[in-house]
Amino acid sequence: MKATGIVRRIDDLGRVVIPKEIRKTLRIREGDPLEIFTDKDGEVILKKYSPIGELSEFAVQYAETLAKTSGHIACITDKDSVIAVSGAPKREFLDKNISYELEKIMNDKTTWVVKNSTEKRVPIFNNENLDKYYAQVISPIVSEGDTIGSVVLMATDAASQMGDAEVKLAQSAAGFLGKQMEQ
């Protein structure tokens with residue numbers, strides 16, 4: 001655990017304020033759910049809650065199926081990081097924070113598709129080299145009206161272009177995962 005040197009007191013209602021710098025670094029916004037854990041040493045651990053994280057094993061299998069079916073790299077994200085990937089080295093994707101551009105596309109709740117090789121590419125991660133992977137289709141996962149993640153199909157070739165079949169595949173996967181979260 002990393003010490004920050006910041007000390008906060010608990011108020012009379014049992015609340016403690018998480019400093020703005022930490023909220024910004026961890027992308028915690030007003031209304032975000034946090035999980036609370038305790039350990040045997042009496043430490044309290046707050047972790048940003050990911051509803052789609054509950055389906056992580058299922059998401060891994062779904063990403064593998066998407067990659068095999070489409071022949072492209074498939075990854076599934078929650079609102080903050082990649083939780084499943086297939087068709088590319090997992091260490092390059094898993095648990096990395098997604099880019100602000102990808103987050104914006106997810107929040108718009110519309111499927112994003114690269115139409116030609118000259119179109120602006122969306123980085124998957126912040127501060128990452130774009131020369132290796134190219135997002136071609138991004139479909140938000142929406143559950144009960146809230147965006148909880150995305151399905152991303154990628155290629156390693158910038159000239160690669162995906163068709164309607166891949167778009168429908170990503171949309172179907174996102175729709176299915178969203179419905180699973182509602183049950």
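**Notebook: salt bridges**

I started with Glu103, which forms a salt bridge with Arg29; their closest N and O atoms are 3.1 Å apart. I then looked up where the partners sit. Glu103 is in helix H3 (residues 100-108), while Arg29 is in the loop between helix H1 (20-25) and strand E1 (34-38), so this pair ties together parts that are 74 residues apart in sequence. I note that the model is a predicted one.

Next I checked accessibility for this pair. Glu103 has 8% relative accessibility and counts as buried, because the cut-off for buried is under 20%. Arg29 is partly exposed, at a relative accessible area of 35%.

How many salt bridges does the structure hold? I find 3. I went on to the others.

I turned to Asp108. Its salt-bridge partner is Lys104, with 3.2 Å between the closest N and O atoms. Both residues lie in helix H3. They are 4 residues apart, about one turn of the helix.

Is Lys104 buried or exposed? I have it as exposed, with a relative accessible area of 52%. Asp108, at 44% relative accessibility, counts as partly exposed.

My last entry is Asp11. Which residue does Asp11 pair with in a salt bridge? I find Arg15, the closest N and O atoms being 2.8 Å apart. Asp11 is partly exposed, and I noted its relative accessible area as 28%.

To recap helix H3: I have Glu103 there, paired with Arg29 in the loop, and I also have Asp108 and Lys104 in helix H3.

Terms used: Residues numbered from 1 in each chain as written. Predicted model: local features only at pLDDT ≥ 70, side-chain atom pairs only at ≥ 80, totals over all residues. Heavy atoms only, no water. Salt bridge = Lys/Arg side-chain N within 4 Å of Asp/Glu carboxyl O. Buried < 20%, exposed > 50% of the residue type's maximum accessible area, 1.4 Å probe, protein only. Helix = DSSP H or I, 4+ residues; strand = E, 2+ residues; numbered from the N terminus.
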